[in-house]
Amino acid sequence: MNPSENGRDQQIAALRVSIDAIDADILDLLNRRIDLAAEIGQCKRQAGSFIQDKAREEAILQGLIDSNTGRLDNAMLRRIFSEIMAASRQVQDVRKIAYLGPEATFTHVAAMAYFDPHDTFVPQLSIRDVFEEVEKDACTYGVVPVENSIEGSVNHTLDLFPESSLNICAEKYLTISHDLLSVSGRLEDVRIIYSHPQPFAQCRGWLKKHLPGAELLECSSTAEAARKAVQFPEAAAIAGGAAGRLYDLNVVASKIQDFVRNTTRFLIIGKKTVPSTGSDKTSIMFVTAHMPGALFKVLEPIADSGINMLKLESRPAKYENWSYVFFVDLEGHAEDEIVKNTLAQMKPVCQFLKILGSYQMMNM
């Protein structure tokens, strides 16, 4: 070995010693961070507050990116610290998440996107089952669809809120993309198509153009449709990519929905309350009195206050014919003084008013 090679080896060895020392420091700091996260989790549980704080996590990540002046790529920095935060959440709260199943439904995808992949995800047969699992503390949170940008509200979800004590803790928007999936992957083989009623409605134009003679058979979910399509060579399913990967189906055609901007809003429900983030939404439900102008009188305080009303819709009340429950989304948190005063003015002119939850308002 010549002297220059020997010198390089010594230099590399010295650098490795320095890296080992830094790794030891990083390990010590990570464990100290985890210990602090565990203490915060204990404080949150005692206060009955929502464990996950997406706004704070994003602020931390953005702050780190803004402060990054070294060689570490910002995308890699985000990935590293996202994993560190995930580890911190694990010690704060062991969570089981109920969702409308089975596995690989769009609700499952939304749940995985909102919560940590290390959480335990528990599929449920119905939206009611999701509510019940959270109400009896079998699961910490539940994820349910509430409205689609094309097909409108998921009425069964809305109908369960009057009888439930759960809060809306967060919302998640998911872009919905439908694929036609089959074993062979060939369009000419398709004679039967399985799917949920909503995807059939959202892909009506494509189906009429490309498979007008196919038999359409409804299923309880897109994942169930994919499971059935595996069993028959002449069958296909309209489902998402996650279902196709789970059941090893081939793509016959991708993105077959009639409208590109097809988005579903999901709600995260639980027993926790969520503190104000400064950019919040409050969901309420109320029943008006049977008198002329009743709805106007209830909504008048919202107009007078200048609060932005984001949504208004009604559902038939189950307890009385021709009576309606109204659902309203307002901009702001229920603890904001302007929202609190407005709700106080609305309550006396309602037969019933309930705050369903205040939570961070997310972009579509």
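The buried residues of helix 12 are covered by elements that include strand 12 (280-288), helix 11 (294-305), strand 14 (324-331) and strand 15 (350-360), with contact meaning heavy atoms within 4.5 Å. Helices (H or I, at least four residues) and strands (E, at least two) are DSSP runs, numbered from the N terminus. The model is predicted, and local features need pLDDT of at least 70, side-chain atom pairs count only at pLDDT 80 or more, while totals for chains, interfaces and linings use all residues. Residues are numbered from 1 along each chain as its sequence is written, and side-chain values use heavy atoms, with hydrogens and water left out.

Helix 12 spans residues 337-346, and V339, T342, L343 and M346 are buried in it. These buried residues fall within an arc of 95° seen down the axis of helix 12, so they line one face of the helix; the arc is that of the directions from the helix axis to the C-beta atoms. Buried stands for under 20% relative accessible area, exposed for over 50%, and partly exposed for values in between (1.4 Å probe, protein chains only).

Turning to helix 11, its buried residues are A294, V298, L299, P301 and I302. The exposed residues F296, A303 and D304 sit on the face of helix 11 turned away from its buried side. Cover for the buried residues of helix 11 includes strand 12, strand 13 (309-316), strand 14, helix 12 and strand 15. After helix 11 comes G306, with a positive phi near 85°.

Elsewhere, D73 lies in the loop between helix 2 (54-67) and helix 3 (74-92). D73 is partly exposed, its relative accessible area being 48%. Its side chain reaches the backbone nitrogen of A75 at 3.0 Å.

For the chain as a whole, there are 12 helices and 15 strands, and the C-alpha atoms fill a box of roughly 95 × 60 × 35 Å along the principal axes. Of its 364 residues, 44% count as buried. Among contacts in the chain with a separation of 6 or more, 75% are between residues 24 or more positions apart. The chain carries 38 positive and 47 negative side chains, and the centres of the two sets lie 2 Å apart. In this count Lys and Arg are positive and Asp and Glu negative, with His and the chain ends not counted; each charge is placed at NZ of Lys, CZ of Arg, CG of Asp or CD of Glu.

Key: Polar contact = N/O pair within 3.5 Å; in protein donor to acceptor, adjacent residues only side chain to side chain.
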